[in-house]
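Here is a short note for a colleague who is opening this structure now. The points below can be read in order, with the model on screen.

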Amino acid sequence: MPLQVITVPCLKDNFAFLAHDPDSGATAVVDVPEAAPILKALDDRGWRATDVLLTHHHADHVQGLAALQAGLAAPVRVTGAAADAHRLPPLDRAVSPGDSVMVGGVEGRVIDVSGHTVGHVAYAFPGVAFTGDSLMALGCGRLFEGTAQMMWDSLMRLAALPPDTRICSGHDYLDGNLAFARSVEPDNAAADARLTHARQKGAEAVHVTLDEERASNPFLRAVLPEVKAALGLAGASDSETFAELRRRKDAF
Ligand code: ZN
Ligand code: FE
């Protein structure tokens with residue numbers, strides 16, 4: 001059976017996730033912005049956390065870990081990128097891109113999504129990918145450490161996942177991302193539809209499939225001739241177009 005995924009809003013605009021394997025009872029917590037809402041979400045369902053998967057070292061993704069561990073009855077196995085082990089909380093399992101990660105009986109794969117930070121990883125399972133601050137709902141993370149080319153390559157690795165993969169990212173930036181998407185493609189109704197859907201259905205509706213992301217997320221749409229033309233970049237490469245989109249979003 002595929003993982004059951006619960007979205008846990010944390011802090012001001014962060015998301016953590018519970019990824020539960022109903023067959024084994026294992027549950028992974030993906031990123032730990034703060035402990036209390038995660039402990040409550042586990043408690044509400046009677047789920048026992050077995051794993052923590054960390055996407056990158058930024059405080060708003062790891063700072064709740066010690067409190068989470070203190071609040072759990074049994075130890076969890078903490079997984080994060082080997083390349084970032086020096087700046088992540090202590091890891092029980094240090095992984096590299098290409099490695100397999102088990103949550104109970106469900107196998108996932110570690111993907112390098114450097115760009116926002118260098119060493120950032122995503123975890124791709126059948127039907128769902130946890131992308132942290134790389135590919136985000138209607139957007140993508142800022143380039144704090146990596147280059148635009150690096151982030152573009154990361155986005156393309158995610159874009160190669162099956163089209164029905166749900167993309168679960170680390171923040172709710174839908175309003176700002178929609179305003180930007182509209183500035184790039186004023187007539188793209190798919191982006192508006194996503195915001196409306198999320199307003200009606202709440203946090204669980206923020207994250208959609210890769211296919212829907214491709215229809216609405218301007219950063220993935222850098223491949224389209226009409227998007228290049230709208231930016232005055234007819235004939236530019238995909239990664240140059242992405243770089244210009246990222247620059248414009250930073251100044252937006
Ligand atoms: Zn971050
Ligand atoms: Fe973040």
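1. Start with a buried ring. Phe242 has a relative accessible area of 0%, so Phe242 counts as buried. Keep in mind throughout that this is a predicted model.

2. Which residue is the ring partner of Phe242? The partner is Phe219: the two ring centres are 5.8 Å apart. Their planes meet at 65°, and an angle over 60 counts as edge-to-face, so the pair gets that label. Phe219 is buried too, at 0% relative accessibility.

3. Phe219 sits in the loop between helix 7 (210-216) and helix 8 (225-230). Phe242 belongs to helix 9. The pair therefore ties together parts that lie 23 residues apart in sequence.

4. A further aromatic pair deserves a look. Phe180 and Phe252 have ring centres 5.4 Å apart. Their planes are at 75°, so this pair is edge-to-face. Phe180 lies in helix 5 (residues 174-184). Phe252 lies in the segment after helix 9 (238-250). The pair links distant parts of the chain, 72 residues apart.

5. Phe252 counts as exposed, at 54%. The cut-offs explain the labels: buried means under 20%, and exposed means over 50%.

6. Now join the rings up. Phe180, Phe252, Phe219 and Phe242 belong to one aromatic cluster, together with Trp152. The count of aromatic pairs in the model is seven.

7. Next, the metals. The zinc ion (ligand 1) has four protein donors: His56 (NE2), His58 (ND1), His116 (NE2) and Asp133 (OD). They lie 2.2 to 2.3 Å from the zinc ion. Along the chain, the spacing of these donor residues is H-x1-H-x57-H-x16-D. His56 is buried at 1% relative accessible area. His58 is buried as well, at 19%.

8. What is the arrangement of the four donor atoms around the zinc ion (ligand 1)? It is irregular, because the angles they subtend run from 83 to 169°. For a tetrahedral label, all angles would have to lie between 85 and 135 degrees. For reference, the ideal angle for four tetrahedral donors is 109.5 degrees.

9. Move to the iron ion (ligand 2). Its protein donors are Asp60 (OD), His61 (NE2), Asp133 (OD) and His171 (NE2), at 2.1 to 2.5 Å. Their spacing along the chain reads D-H-x71-D-x37-H. The angles around the iron ion span 82 to 173°, so this arrangement is irregular too.

10. Asp60 is in helix 2 (residues 59-62), and His171 is in the loop between strand 13 (166-169) and helix 5. They are 111 residues apart. Asp60 is partly exposed, with a relative accessible area of 21%. His171 is buried, at 5%.

11. Which residue coordinates both metal ions? Asp133 does, and the zinc ion (ligand 1) and the iron ion (ligand 2) are 3.0 Å apart.

12. Six strands form an open sheet in the order 1-2-3-4-5-6, with mixed pairing. From one strand to the next, the twist averages 25°. Within the sheet, strand 4 (residues 48-53) and strand 5 (residues 77-81) run parallel, joined by three bridges. Asp51 stands opposite Arg77, which is in strand 5.

13. Two details to finish. Arg45 lies over the face of Trp47, 5.9 Å from the ring centre. Phe144 lies in the loop between strand 12 (139-140) and helix 4 (148-159). Phe144 is exposed, with a relative accessible area of 54%. Phe144 and Asp13 are 131 residues apart in sequence and 19 Å apart in space, C-alpha to C-alpha.

Terms used:
Residues are numbered from 1 along each chain as its sequence is written. Chains are lettered from A and ligands numbered from 1 in the order in which they are written. This is a predicted model: local features need pLDDT of at least 70, side-chain atom pairs count only at pLDDT 80 or more; totals for chains, interfaces and linings use all residues. Side-chain values use heavy atoms; hydrogens and water are left out. Rings of Phe, Tyr and Trp (its six-membered ring) pair if their centres lie within 6.5 Å; planes under 30 degrees apart count as stacked, over 60 as edge-to-face and the rest as tilted. Helices (H or I, at least four residues) and strands (E, at least two) are DSSP runs, numbered from the N terminus. Buried means under 20% relative accessible area, exposed over 50%, partly exposed in between (1.4 Å probe, protein chains only). A charge sits over a ring if NZ of Lys or CZ of Arg is within 6 Å of the ring centre and within 35 degrees of the ring normal. Donors are N, O and S atoms within 2.8 Å of the metal (3.2 Å for Na, K and Ca); water is not among the atoms, so sites may look incomplete. Four donors count as tetrahedral if all angles lie between 85 and 135 degrees; four count as square planar and six as octahedral if opposite donors are over 155 degrees apart and all others between 65 and 115; anything else is irregular. Two strands pair if DSSP finds at least two bridges between them. Axes are lines fitted to C-alpha atoms, for helices over the stretch in contact, and angles run from 0 to 180 degrees between N-to-C directions.
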